[in-house]
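This report describes selected local features of one structure.

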Amino acid sequence: TAGLTQVTERFKFLVAFRPGLMSPTLAAHMAATYQRISGGRLLLNVVTGGDDAEQQRFGDHLSKTERYQRAGEFLHVVRELWTGQPVDFTGRHYDIRGGQIVAATEWPDIYLGGSSGPALDVAASYADVYLTWGEPPAAVAAKVDLVRERAKAAGRDLRYGIRLHVITRDTAAEAWAQAQRLLDGLDPAAIERAQAIQRASQSEGQRRMAALHGGRTDALEVSPNLWAGVGLVRGGAGTALVGSHQEVADRIAEYYALGIDEFILS
């Protein structure tokens, strides 16, 4: 994405990274450099890791709770470094002595998702944008309310975003026909293998995703125009808005009315 900043002018780039695999001082250095060469177009999406097995592939052996504790310390250090002042910090996971960087004039917003209690706490304390996956509107509203309460207790005010896939056509029938074509292309054995992996996941979002459809292919519209078929085989929590252009626009407006004002659509 840093390369793409040199051949674009307006795009901002939401870059996912795992804080446990990098020093917070190095991350702050890299973000500062990115901001200078891009004209302030970096956005950071903090990924703590879905489960122990996944993280262990990277050589990270902390538990899920410990990973969020580490993410909180990491973001605390990064935000302090972004002031341009020397930073001394001693925590459970980091011991920074005299850390300092050349401050950029504009710092990237930090995006953080997660449905567990520790995720909500870290987001409330350190994120600029809390990012949810596409749960039904009532569930999204409840989660946003929880984060908003915790952020208020921390003296902070966040923005809220949602991640959704989109299948939209001139008519609803055409859109649902496309969703059905995707479903028809799935091997039942592949669905079962994917579901077994997802059931073993420690991710709260993944657990909630699996609960929406239970691995069934005949009950995938979990809310009006919200299709859970994506999650049958794709890892990570994810749903799609399916319908006519007007129906999809109406659903986006519905999420917006709940306080969601950033939409990541694919």
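## Salt bridges

R97 and D95 form a salt bridge, with their closest N and O atoms 2.7 Å apart; the term denotes a side-chain nitrogen of Lys or Arg within 4 Å of a carboxyl oxygen of Asp or Glu. R97 is exposed, at a relative accessible area of 69%, whereas D95 is partly exposed at 40%. Here buried means under 20% relative accessible area, exposed over 50%, and partly exposed in between, with a 1.4 Å probe and protein chains only. The structure holds nine salt bridges.

The model is predicted: local features need pLDDT of at least 70 and side-chain atom pairs count only at pLDDT 80 or more, while totals for chains, interfaces and linings use all residues. Residues are numbered from 1 along each chain as its sequence is written, and side-chain values use heavy atoms, with hydrogens and water left out.

## Pairs between and within elements

E262 and R159 meet through their side chains in a salt bridge of 2.9 Å, N to O. This pair links distant parts of the chain, 103 residues apart: E262 belongs to strand β11 (residues 262-265) and R159 to strand β7 (residues 159-169). R159 is partly exposed, with 30% relative accessible area. Helices (H or I, at least four residues) and strands (E, at least two) are DSSP runs, numbered from the N terminus.

A further salt bridge joins E254 to R251, with the closest N and O atoms 3.0 Å apart. Both residues lie in helix α9 (residues 245-257), three residues apart, or about one turn of the helix. E254 is partly exposed at 32% relative accessibility. Salt bridges with shared partners join D109, R159 and E262 into one network.

## Helix α1

Helix α1 (residues 24-38) has 15 residues and reaches 21 Å from its first C-alpha to its last, close to the 21 Å expected at 1.5 Å a residue; the expected span is 1.5 Å times one less than the number of residues. At the N-terminal end, S23 caps α1, with a side-chain oxygen 3.1 Å from the backbone nitrogen of T25. The helix is followed by G39, whose phi is positive, near 75°.

The buried residues of α1 include A27, A28, A31 and Y34. The buried residues of this helix pack against β1 (13-17), β2 (42-46), α3 (64-81) and β4 (95-99), where contact means heavy atoms within 4.5 Å.

## A buried loop residue

T239 is found in the loop between β9 (226-227) and β10 (240-244). T239 is buried, with a relative accessible area of 0%. A polar atom of its side chain lies 2.6 Å from the backbone oxygen of G134.

How values were computed:
A polar contact is a pair of N or O atoms within 3.5 Å; within protein, one must be able to donate a hydrogen and the other to accept it, and residues adjacent in sequence count only if both atoms are side-chain atoms.
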